[in-house]
Structures are given as C-alpha cells and as structure tokens.
Amino acid sequence: RLPEASPPQISEVSQVNGGCYRKLHFVGSGKRDFDAVLYLTPDQKYLVPELNDSTADPIAEEQRRQAEMKRQVEKDDGCASLGPAGAPVTVVVFSDFECPYCRRFAETLRQVASEEKRVRFLFRNLPLEMHPWARQAAETAACVERQSGEAFWRVHDYLFENQQELTPENLTPRLMGFAGSLRGVRPGQVRECVAKHVSAPRLYGDAALAAALHVSGTPTVFLNGERLSSGAPTREHLLTLIREALPEAKLSTKRPADSR
C-alpha cells in the first residue's frame with residue numbers, strides 16, 4: 001500500500017536461530033514512515049508475518065506474546081493520556097483526526113472517562129494518507145501536548161467536533177486561534193514547534209508501533225494490551241469491557257458458588 005515512488009527497503013537481514021529462515025526488516029524509503037518485520041522461507045518464495053516454534057508451549061508462548069504486546073502498546077513514551085497513571089485498566093486508541101469513525105469513538109471516550117474513573121486512556125496518532133489535513137492536525141495537537149496535557153484534550157475535542165467544517169486551507173488559522181485561547185499554551189511556541197516539525201518523531205514512533213502491531217486502520221482500540229476485534233466499541237460495550245477487566249470483577253468470577 002506504499003506509493004510506487006517510495007517502495008520499502010530492507011534495512012537488515014538476519015538468520016532465525018541459526019536456521020534457514022531469514023528475518024527481514026523493512027523500512028520506508030520516502031516521506032511516509034514504514035517499519036515492518038517479515039520472515040522469508042528457505043525457498044525464498046514466501047514472506048510470512050511470524051514464525052511459530054513447534055518446540056514451545058503454545059499457551060505459554062501466547063501469554064508471553066500478549067504480555068509483550070501490552071508492554072509495547074502501553075509503554076510510557078510521552079503519548080497523550082487521560083486518567084490516573086496507576087489505573088487498573090488502560091485503553092489505547094490509534095486515531096486519525098479526520099476519520100469519521102474516530103470522531104464517534106472520541107465521543108465514546110469522553111462519555112466513558114466521565115463515568116468510569118478507574119481507566120486510563122492513551123491516544124496514539126495514525127493519520128492516514130487519504131486524509132489531507134490529518135497529519136497537520138496531529139502535529140499541531142502534539143505540539144500543544146508538549147505544553148499542556150489538558151490543552152491537548154481540548155484540541156482533541158475541538159478537532160473532532162469541527163471535523164466536517166475543517167479543510168486543508170482553514171485548518172491552521174482555526175486551530176491556532178483555538179489553541180491560543182487555552183490556558184497554558186503559548187501560540188508562538190506552538191507555531192515554531194509545527195514549523196520545525198518538532199513533534200514529527202512522536203508521530204513516527206506511533207506509526208512504527210502501529211506497523212509492529214499490524215494496525216493499519218483507525219480507530220483501532222486496545223484494552224489492557226488486547227486488541228478489540230469489534231473495532232470502535234459503543235459506550236455501553238466499552239464500559240462493560242472495562243468493568244469486566246477490573247480486579248474485583250476477576251476476583252468475583254473465581255469465588256466458589258454458595259452451596260446453600
């Protein structure tokens with residue numbers, strides 16, 4: 001799905017445990033960030049996304065894989081967060097400010113955050129190439145977040161609430177005008193941050209993580225490291241999933257039934 005003008009390049013080739021399979025690390029060669037690992041079969045005919053070790057316990061391996069996925073998607077790398085850092089439940093969303101489905105989930109996120117205080121939300125950027133102003137919005141919002149986490153979420157809400165009115169031409173003046181009115185935001189520093197693409201590494205990091213997790217669409221939601229297969233959940237569904245993941249809910253399922 002990369003443009004023909006910027007095909008992926010192989011940055012590293014290595015053997016897998018001294019065997020005949022090869023591990024190939026691909027990176028983008030153009031402006032679009034791309035990072036992926038594929039495995040080449042000995043006959044050099046097939047590329048596969050993962051290898052399964054037949055000598056390993058599949059249950060233990062799946063638990064290890066889930067733990068590693070949870071560690072990656074929830075790592076504290078400076079992404080925007082909402083809710084207590086020590087919350088027992090973490091919800092991560094890969095989102096695009098120009099995506100209409102992301103707009104719906106943004107409403108769900110705010111509703112759930114106001115109703116359930118035992119959850120932490122992490123926002124990761126994944127602006128899609130089909131959306132002309134999504135990346136500019138993401139960079140500007142990330143620059144605001146560098147000054148104020150609270151202001152970021154105000155900008156987050158503003159972008160989604162006004163999504164249908166924004167265009168590549170009016171995005172910057174409207175967004176800068178709004179951001180400049182927020183407490184704790186210095187408009188001059190935000191403009192300089194955007195002009196110098198200071199927040200670009202933040203977006204590249206999110207894109208690389210998305211590629212490693214095989215995330216290609218938005219919104220993609222993870223709850224405690226586990227990807228939700230149903231896409232963007234409704235408010236009721238997400239609240240149910242969060243409360244089922246709380247420690248007290250798990251304890252209640254382990255209690256023996258009353259024999260009386």
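Me: Which residues is Glu98 in contact with, leaving aside its neighbours within four places in sequence?

Reply: In this predicted model, Glu98 is in contact with His131, Pro132, Trp133, Ala134 and Gln163. Glu98 itself sits in the loop between β6 (89-95) and α2 (100-115).

Me: What makes Glu98 a residue with no salt bridge?

Reply: Distance. A salt bridge needs a side-chain nitrogen of Lys or Arg within 4 Å of a carboxyl oxygen of Asp or Glu. The nearest side chain of opposite charge to Glu98 is Arg103, and Arg103 is 9.9 Å away. Therefore no salt bridge is assigned to Glu98, although Glu98 is buried.

Me: Which backbone nitrogens lie 3.0 Å and 3.2 Å from a polar atom of the side chain of Glu98?

Reply: The backbone nitrogen of Trp133 lies at 3.0 Å. That of Ala134 lies at 3.2 Å. The cut-off for a polar contact is 3.5 Å, and both distances are within it.

Me: What puts the buried residues of α5 on the same side?

Reply: The buried residues of α5 (residues 171-180) are Leu171, Leu175, Met176, Phe178 and Ala179. They cover an arc of only 160° around the axis, so they are on the same side of α5. Their cover includes α3 (134-147), α4 (149-161) and α6 (187-195).

Me: How do you know that strand β7 is mostly covered?

Reply: Seven of the seven residues of β7 (residues 119-125) are buried. On one side these are Val119, Phe121, Phe123 and Asn125; on the other, Arg120, Leu122 and Arg124. Both faces are covered.

Me: In which sense does β7 pair with β5, and in which does it run with β6?

Reply: β5 (residues 80-82) and β7 pair in the antiparallel sense over three bridges. There, Ser81 stands opposite Leu122. β6 and β7 run parallel, joined by seven bridges. Ser95 stands opposite Asn125 in β7.

Me: Why is His197 called partly exposed?

Reply: Its relative accessibility is 45%. Buried means under 20% and exposed means over 50%. The value falls in between, so His197 counts as partly exposed. His197 lies in the loop between α6 and α7.

Note on methods: Residues are numbered from 1 along each chain as its sequence is written. This is a predicted model: local features need pLDDT of at least 70, side-chain atom pairs count only at pLDDT 80 or more; totals for chains, interfaces and linings use all residues. Side-chain values use heavy atoms; hydrogens and water are left out. Helices (H or I, at least four residues) and strands (E, at least two) are DSSP runs, numbered from the N terminus. Buried means under 20% relative accessible area, exposed over 50%, partly exposed in between (1.4 Å probe, protein chains only). Lys and Arg count as positive and Asp and Glu as negative; His and the chain ends are not counted. A polar contact is a pair of N or O atoms within 3.5 Å; within protein, one must be able to donate a hydrogen and the other to accept it, and residues adjacent in sequence count only if both atoms are side-chain atoms. Contact means heavy atoms within 4.5 Å. The arc is that of the directions from the helix axis to the C-beta atoms. Two strands pair if DSSP finds at least two bridges between them.
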